[in-house]
Protein chains: 2
Amino acid sequence: MKQIAAAMLGWMLLVPPPSQAASEAVSYEAQAKALLASPRFAQARAALERDYDRTIDHLVGLTEIPAPPFKEQARAQAYLALLKAQGLSDVELDAEGNAMGLRRGTGGGPLIVVAAHLDTVFPEGTPIKVRREGNTLRAPGIGDDTSGLAALLAYLRAMDAAGYRHKADILFVGDVGEEGPGDLRGVRHLFTQGKYKDRIAAFISYEPGRAGRITNGGVGSLRYQVSFTGPGGHSYGSFGLVNPAYAMGQAITGVGRLQVAESPKTTYNVGVLEGGTSVNSIPHSVAMTVDMRSEGREQLEQLRSQFLALLQPAVDAENAARDTREGKVAYEAKLIGDRPVGRTGEDTALVQIARAVAQAGGIAPRLGASSTDANLPMSLGIPAVTLGCGLDSERSHSLDESVALDKPVDVEHLSLALASLLLLAGAE
Amino acid sequence: MKQIAAAMLGWMLLVPPPSQAASEAVSYEAQAKALLASPRFAQARAALERDYDRTIDHLVGLTEIPAPPFKEQARAQAYLALLKAQGLSDVELDAEGNAMGLRRGTGGGPLIVVAAHLDTVFPEGTPIKVRREGNTLRAPGIGDDTSGLAALLAYLRAMDAAGYRHKADILFVGDVGEEGPGDLRGVRHLFTQGKYKDRIAAFISYEPGRAGRITNGGVGSLRYQVSFTGPGGHSYGSFGLVNPAYAMGQAITGVGRLQVAESPKTTYNVGVLEGGTSVNSIPHSVAMTVDMRSEGREQLEQLRSQFLALLQPAVDAENAARDTREGKVAYEAKLIGDRPVGRTGEDTALVQIARAVAQAGGIAPRLGASSTDANLPMSLGIPAVTLGCGLDSERSHSLDESVALDKPVDVEHLSLALASLLLLAGAE
């Protein structure tokens, strides 16, 4: 345990002293091998296998409880009941709506937060019924991140079955507000307002993906809602007046033509369009949401500048093209999301442990960057990663999102995902 | 009454024999003058003046009962109660939702329908509270066509107060579905399904406007909902896939650049935009509604062709600009409204009476074309016009729609609007 305690000290300090880095990397590898070879871990893996159907039942059941942004309550209550049934202590819904419970440690250890997010991107009213097509389960949100929620419950049952105890306190959280408009409100509350806020030493969020997927880069994102307004009017009687839809059409086209770097990966998206009251009215107001992301701070700022710079010309063109007698078209760009670019260093214990476990399990670790709940602790300087939960999914955020079931592979990867947590928490 | 009976025969045949046209035009003028100069009409005018505040109370009260397309029920029930209180017979809500009641004639006359539409363009949830600013009343829908609804009640009370009797049966209707998506469903039912369908000899719809406004041209309209679909996906993970929003942006821009004739007046509009699920998802589907209108059949068809022709290139450009690995962008253009171009000839009795009354009242008649409930009977060959109800409004279909009150002028124009009906119905 001495090595693990040293490792903990390492990640609590973010970066181990340079002189120790090489030797500790070796010891993480050794520890990971020892853990995977232990009889207790074999019991945990056997429990995951025995328990697989229940895990899939939870996946299906939770998926079918809609959880649109800001409307995660029903799913949060269901998850709370499942955490309670699992025998966690201090099970509660916090003020922001996160469902959470504590698996207490043997004492004296840090607090580790393990999270999967409750919310999906799909708005209220989206039909959500899981369709089974052979081994594939298909439904909006089934992967992102309902698979993480189901996996957390599977880890808990496996830890219980194998009788694992650990030094750290582990807080299991189904959190709200990870997607789009939520702007990380769940984890933000946890780290800045919640009752554990000053005790959290490390954070792992589990998202769909196989073991070895280690997201230690926090892709920064900037999100805008841009509204275009005008005088409105009757489509026939007031024909010829400026129409904000044409200004927005031009702006959308402009966004679609933005050029971005391939590396560091930089992206943009027009996501939601809305506006107008009826087919025969010139709209009073139309709006779009735009998402911009980058692994590079500078690239993200450059993209923001280019994006903002194309709005006024689109509005000017419309005001020049039609009659402004009743008023001009104008725009407002409102920042609705701002996630800092962040990174948990490759030399932190958290990343090294996840890497060592993957390697010990015969999997090549793949470090990468994304925009997840881990961005928030990263921005506060707290070691954080997002790991593949073991279940894999495809077509995330699309209506035909799916999880393809492959029991032997799924069990192997669930067990490796759990192993990183066990090692980090000083399990014995 | 002989002249009036001849007039009726004239409008029932649509066009009077050419040899009679000149002499009858003179007689309509003479009849109109006689009617306006009669003591009974003076009583009716006095009643409109005495009753003015009640008319405005009805205007405000009805405006504040929301009546979005397909959701006119609450306002229809309220209007039904007002028609009943007015002592009409056969007061009922028909199967389509029109509120109506009969002012019976002395017998042997035709059935005339007098209508104002219940629906507004404003969707559910639009705040509708009438604001008074000096003499101006402001609220969405207060003019179009709540002013017509209130005017019909005022006419009825004035007819009662003056003791008017008339040969024709007059059906007073608050009809549903005049605006946009309703596609004239209320009057369509009345003329093709309702119990009076084979008896209707003429139709007047009252809309906001002063007397002398005579809409005898039915502007044709074609309305489309165009949806653009694609594979969707995660804004970051799937960046580079085709996005239907960019195809639609290009199509919107294309619509905005269409060139149309000034005469016959031809117009287009992009009205409602929608689509996408979240800021951080590539939309699966986006859509827009497009309204095209013309007084000319050929011009409308030409506009339709130009519009439809720009959709495929917009889709092709997006499929060429980005990755179609997960699927291509496609579009579907669904016809959601189709109102034929129509006209009630200037030589029909209906138009000549309205014209003669305006002239007798010292107002220059202004014939014109629009797209109203009258389009439907016009398309069936039944004489139909839309007349200004007497109350005037501004900024129709916009959120700052208003009615400016001017009691002496309003009363004068309400009385002239009523006079056309009285003459047509063979009142004595």
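Two strands count as paired if DSSP finds at least two bridges between them, and helices (H or I, at least four residues) and strands (E, at least two) are DSSP runs, numbered from the N terminus. The model in your viewer is predicted, so its local features need pLDDT of at least 70 and side-chain atom pairs count only at pLDDT 80 or more, while totals for chains, interfaces and linings use all residues. Residues are numbered from 1 along each chain as its sequence is written, chains are lettered from A and ligands numbered from 1 in the order in which they are written, and side-chain values use heavy atoms, with hydrogens and water left out.

**Stop 1: a strand in chain A**

Select residues 111–117 of chain A, which make up strand S3. Seven of its seven residues are buried, so strand S3 of chain A is largely enclosed by the rest of the structure; buried means under 20% relative accessible area, exposed means over 50%, and partly exposed lies in between (1.4 Å probe, protein chains only). If you show the side chains, you will find Leu111(A), Val113(A), Ala115(A) and His117(A) pointing one way from S3(A), whereas Ile112(A), Val114(A) and Ala116(A) point the other way.

Strand S6 (residues 169–175) of chain A runs parallel to S3(A) and is joined to it by seven bridges, and in S6(A) the bridge partner of His117(A) is Asp175(A). Strand S7 (residues 200–207) of chain A also runs parallel to S3(A), with five bridges joining the two, and Val114(A) stands opposite Ile204(A) in S7(A).

**Stop 2: the domains of chain A**

Colour chain A by its two domains, where domain 1 covers 2–218 + 341–424 and domain 2 covers 221–339; these bounds come from an automatic or database domain assignment. The C-alpha centres of domain 1 and domain 2 of chain A lie 37 Å apart, and eleven residues of domain 1 are in contact (heavy atoms within 4.5 Å) with twelve residues of domain 2.

Next select residues 220–313 of chain A, where UniProt, in an unreviewed entry, places the feature "domain: Peptidase M20 dimerisation". UniProt positions are given in the numbering used here, feature names are shortened, and annotations may be inferred rather than shown by experiment. Over residues 220–313 the chain is 31% helix and 36% strand, and the end C-alpha atoms are 27 Å apart.

**Stop 3: a sheet in chain B**

Move to chain B, where four strands form an open sheet in the order S4-S5-S19-S18, with antiparallel pairing. Strand S4 (131–133) and strand S18 (393–394) of chain B stand at the edges, each with a single partner strand, so one side of each is left without a neighbour in the sheet. Three bridges join S4(B) to strand S5 (residues 136–138) of chain B, and Arg131(B) stands opposite Arg138(B) in S5(B).

**Stop 4**

Which kind of peptide bond joins Asp144(B) and Asp145(B)? The bond is cis, with omega about 5°, and Asp145(B) lies in the loop between S5 and H6 of chain B. In chain A, the peptide bond from Asp144(A) to Asp145(A) is cis as well, with omega near 5°.

Of the 17 residues of H6(B), 15 are buried, so the helix is largely enclosed by the rest of the structure. Just after H6(B), Gly163(B) takes a positive phi of about 70°.

Within helix H6 of chain B, pick out Ser147(B), which counts as buried at 0% relative accessibility. Leaving aside neighbours within four places in sequence, Ser147(B) is in contact with Leu59(B), Ile142(B), Pro208(B), Cys389(B) and Leu391(B).

**Stop 5**

Finish with Asp90(B), which has a positive phi of about 50° although it is not a glycine. Asp90(B) lies in strand S1 (residues 89–93) of chain B and is partly exposed, with a relative accessible area of 32%. Leu184(B), also not a glycine, has a positive phi of about 65°; Leu184(B) is found in the loop between strand S6 (169–175) and helix H7 (185–192) of chain B, and is buried, with a relative accessible area of 1%.
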